[in-house]
Amino acid sequence: MTTDKPRSPRFVWLIPLVMLALAILACDDVYIPPPSIDRVEAQAGTPGRAYARVIHIGLDYKSSDADAGDTVVYETDNYGSDWRPSEHVFAEAASNSYPMIMSGESLKLNGRAIWSFPRPIFRSIFYDGSNVGTMNQVTLPYSDVSNSAAGDNVYIAMGTEGVLVGTLDANGLAPDWHLGANGMDALAPLPLTISEPSIIVGIVLLILLVPPFALIHAYLLQRIWAYVLPAAEARRMALKVTAGLVLLAIIGSIYWLTNDRIDLYQVIGVLTLITVIVGLTVTVQLAQQAQVSNYTRNRLAVAALLLSLVVPGGVAAIFAMWWLVFGLVFGYWAYQRVYRRYFNEAAPTPEGRVQRWRVDRLALEMVLIFGVGLVVTYFVIIVGQAVFGRFLPNADLINFLALVVGFAYVYLVIRHYSSRRAKTIITSQPEVVSSREVRLLSGDLWMHTVFWLFWSIVATGVTLFGQAWAYGWFTTLLKTNPIP
């Protein structure tokens, strides 16, 4: 009688080879943390003096003032404005002056945020994750943060970005912070400003041209001022005022690029306020010079206020909402081209202003109606997916049904509402338009609806392409020519 011996599995010799291969693959992209500050220490009795320790230097670090190694210590005598290598030795036991923690990009003291890593919009525009030595190398501290206070000043270790220096008031808040690493040649902090003139010029030109917000703003102002000025003069005035606003936008853009204490939306807010004030002031002055009634002047002022917000709103949205801006502007442009054929709006007389308002009112109604249609279509998609999504094979059918509903809405609006309403207004003045022209109105509305959609899509696509190209240019430029 024989007993079968357990046999070894075949190919057992492959196991160590596979493990070795996995180990080799795992070692291909070993993460090496960038040099960063892990401890700070303020020297009591010596105002302005503090020390900072940079760890994970590595053997590639080169300096004439310090030896290569795992750590380098720096010191400052001017409250963190400048740093130099130091022979200072940190005590083994670390102690913090305040219980500070880092949560994401916010520094908190006793659960309250007292500082945040600045320039989030600037960083999101000019840096991406593929920039070696920039965004993917930014390492802020997490959990407990090393800090040391001497007198009224507190020094806080901010990882790869330097030392944060400030003065805490009685409420634990600092009215002014300074984040600096000047002289710390072991660090490579993320640049928060752009100072190269040629780069600034290129960025400003792209900001002004992609998209062409100046031309859009001038067109909107012209449509308001044509109520009190001849068309050619209104156009010249709008271009002149817009040119002045563009100059302010250039100054604001340069200030944003070169000042690390301010971010984009603060600049946009100030420029928006100036734009609104200028639009209101010039509109009221022109209305007074034309000696219009107070009622007309007030309506023009309200229109100037609303239209002055269109372009700043698109700028504030950056990439997200230019389709809406183009949709509004091209929609109004398309439909006022239809209706102006039937009204004499050439002269800025009382009768001419009435005729012009009829054109603008009908055009604005069409834009508003189609805006409601977009909301209805979107609502149908959301509700359809929530109610019928589990029963239908895919979402394409729901989207198709929503488009059918949207098309039916467009047909009903043009065929049974807008055309009849416009005809009612037009035929109340039979000397202005013939019956044949009235019959052509529905066809004109359909044709200009196609124009509106086509030009809105084209303008949005060109703008997004231009912005994507500009963004690629920015990142390529920063990779090949890092900001000093």
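**Strand pairing, salt bridges and cavities in a predicted model**

Strands β6 (residues 106-109) and β7 (residues 112-116) run antiparallel and are joined by four bridges.

The structure described here is a predicted model. Its chain has a mean pLDDT of 79, with 77% of the residues at 70 or more.

Charged side chains were examined next. Side chains of opposite charge can pair when their charged atoms come close. In this model the count of salt bridges comes to six. One of them is formed by the side chains of D38 and R53, with an N to O distance of 2.7 Å. D38 belongs to strand β1 (residues 36-42) and R53 to strand β2 (residues 50-58), so this pair ties together parts of the chain that are 15 residues apart in sequence. D38 is partly exposed, its relative accessible area being 26%. R53 is also partly exposed, at 21% relative accessibility.

A salt bridge is likewise present between the side chains of D77 and R49, at 2.7 Å from N to O. This pair links distant parts of the chain, 28 residues apart: D77 is in the loop between β3 (69-76) and β4 (84-85), while R49 is in the loop between β1 and β2. The relative accessible area of D77 is 34%, so this residue is partly exposed. R49 counts as partly exposed because its relative accessibility is 23%.

The side chains of D360 and R223 form another salt bridge, with 3.0 Å between N and O. Here too distant parts of the chain are linked, since D360 is in helix α10 (residues 350-388) and R223 is in helix α4 (residues 213-225), 137 residues apart. Both D360 and R223 are buried.

Apart from neighbours within four places in sequence, the contacts of H217 are with T242, L245, T275, S308 and V311.

Two cavities of 30 Å³ or more are found in a search of the whole structure. The volume of the largest cavity is about 720 Å³. Its lining consists of 35 residues, and those nearest the centre of this cavity are I207, F213, S253, L264 and V315. Several helices contribute to the lining of the largest cavity, with at least two residues each from α2 (120-126), α3 (197-209), α4, α5 (231-258), α6 (264-289), α8 (310-317) and α13 (441-480). Helix α5 provides the largest share of this lining, namely eight residues.

Notes: Residues are numbered from 1 along each chain as its sequence is written. This is a predicted model: local features need pLDDT of at least 70, side-chain atom pairs count only at pLDDT 80 or more; totals for chains, interfaces and linings use all residues. Side-chain values use heavy atoms; hydrogens and water are left out. pLDDT is the predictor's confidence in each residue, from 0 to 100. A salt bridge is a side-chain nitrogen of Lys or Arg within 4 Å of a carboxyl oxygen of Asp or Glu. Buried means under 20% relative accessible area, exposed over 50%, partly exposed in between (1.4 Å probe, protein chains only). Contact means heavy atoms within 4.5 Å. Two strands pair if DSSP finds at least two bridges between them. On a 1 Å grid over the protein atoms alone, a cavity is a set of points where a 1.4 Å probe fits but cannot get out, and a pocket is an open set with protein on both sides within 12 Å along at least five of seven lines; lining residues have an atom within 4 Å of a point. Grid points are joined across faces, edges and corners, and a volume is the space filled by probe spheres set on the points.
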